[in-house]
Amino acid sequence: MITAARAETRSAPALDLIALVKPRIMVMALLTAAGGMSLAPGVPDTRTGVLLMIGCALIVGAANTMNMYLERDIDCLMARTMSRPLPQKRLAPQVAFTFGVTLGALALPVLLAVNWLTALLGAVAFVSYVFMYTPLKQRSHWAVWVGAVPGAMPALMGWTAATGRLSLGGLAVFAILFVWQVPHFHAIALFRKKEYDRAGLKTLPGTHGDGSARAQIVSWLVVQVALSLELVPLGVCGPIYLATALALGALVLGQAMPGIIRGDARWAKRVFVLSIVYLPVLFTVMVLDGRM
């Protein structure tokens, strides 16, 4: 038992470092990066794919770690974040800072080995997430829009890794992921309104009221569904994807529309839950149909 206890103690700092990179967000970023590369014209070589995955993991891990470092005091005030390593003081802030800087320093040369455009997009994602989105959350609800840029960037990085250039197909995939985040996060802010207000974070329902948030959620869901259909005329995906996008779009709008006038926290939570089903299904079919 003594040996087991010592092993657990030694492993705890490693687990806390892993927690800093937000593994679930990283996995989603890697999947969308791989999907973007798969959807792009041509067949990228194995070396490019491996470098993209390593570089994307490093830059996402760096951004998430620095975000946790900068928000460690805010995280203490929110139920969903107060168990993180820094609020719980399981790691010293300097350790997190050094870890984040190291990951970022390692990411750039790896992404440059893919190509300069992919490295530039990775740098834009890091800077916008750490130095723009993170501080803006305490000042304006527009932070959601800034944060959506790095959230959607891995897919575009995957596309440029394969092609070395920006094109309408890659930008359309980016736009779908970008817009998806807006109603998704407004819905979270609506059913967690008191928690965000207590932490001093500015959200649309907190600054403009629940009615404004409901209207924005439904409006941007309409845009989201419309954008999802654009991949077909652009030649990125085919009829199987089109049928899936139409069905998912009808489901999403059918669930959201009735709540535009009187939707409450439970309605917002249902919108949120459906959104985390919608995107993986849509993106999976997108990649599979785009490869056929």
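Which residues in α5 meet which residues in α6? I opened the predicted model with that question. From α5, I noted Leu108, Leu111, Leu112 and Val114. Their partners in α6 are Trp116, Thr118, Ala119 and Gly122. Sorted by class, this contact has 6 nonpolar residues, 2 polar ones and no charged ones. I then looked up the axes: helix α5 covers residues 93–114 and helix α6 residues 116–136, and the two axes come within 6 Å. I wrote down a crossing angle of roughly 145 degrees.

**Salt bridges**

Next I turned to charge pairs, and the count comes to 6 salt bridges.

I began with Arg90 and Asp16, whose side chains meet in a salt bridge at 3.0 Å, N to O. Arg90 sits in the loop between α4 (72–75) and α5, while Asp16 belongs to helix α1 (residues 2–20). The pair links distant parts of the chain, 74 residues apart. Arg90 is partly exposed because its relative accessibility is 42%. Asp16, at 7%, is buried.

I went on to Lys137 and Glu71, which form a salt bridge with their closest N and O atoms 2.8 Å apart. Lys137 is in the loop between α6 and α7 (143–163) and Glu71 in the loop between α3 (46–70) and α4, so this pair ties together parts 66 residues apart in sequence. For burial I have a relative accessible area of 14% for Lys137, which counts as buried. Glu71 is buried as well, at 4%.

My last pair was Arg266 and Asp264, with a salt bridge of 3.6 Å, N to O. Arg266 is exposed at 62% relative accessibility, and Asp264 is partly exposed at 35%.

**Arg214**

I then checked an arginine in helix α11 (residues 210–229), namely Arg214. Is Arg214 buried or exposed, and what is the nearest side chain of opposite charge? I found Arg214 buried, without a salt bridge. The nearest side chain of opposite charge is Asp210, 4.9 Å away.

What does the side chain of Arg214 reach at 3.2 Å? I have the backbone oxygen of Gly263. I also listed what Arg214 touches, leaving out residues up to four places away in sequence. Leu190 is on that list, together with Gly259, Ile260, Ile261, Arg262, Gly263 and Trp267.

Notes. Residues are numbered from 1 along each chain as its sequence is written. This is a predicted model: local features need pLDDT of at least 70, side-chain atom pairs count only at pLDDT 80 or more; totals for chains, interfaces and linings use all residues. Side-chain values use heavy atoms; hydrogens and water are left out. Helices (H or I, at least four residues) and strands (E, at least two) are DSSP runs, numbered from the N terminus. Buried means under 20% relative accessible area, exposed over 50%, partly exposed in between (1.4 Å probe, protein chains only). Lys and Arg count as positive and Asp and Glu as negative; His and the chain ends are not counted. A salt bridge is a side-chain nitrogen of Lys or Arg within 4 Å of a carboxyl oxygen of Asp or Glu. A polar contact is a pair of N or O atoms within 3.5 Å; within protein, one must be able to donate a hydrogen and the other to accept it, and residues adjacent in sequence count only if both atoms are side-chain atoms. Contact means heavy atoms within 4.5 Å. Axes are lines fitted to C-alpha atoms, for helices over the stretch in contact, and angles run from 0 to 180 degrees between N-to-C directions. Ala, Val, Leu, Ile, Met, Phe, Trp, Tyr, Cys and Pro count as nonpolar, Asp, Glu, Lys and Arg as charged, and the others, Gly among them, as polar.
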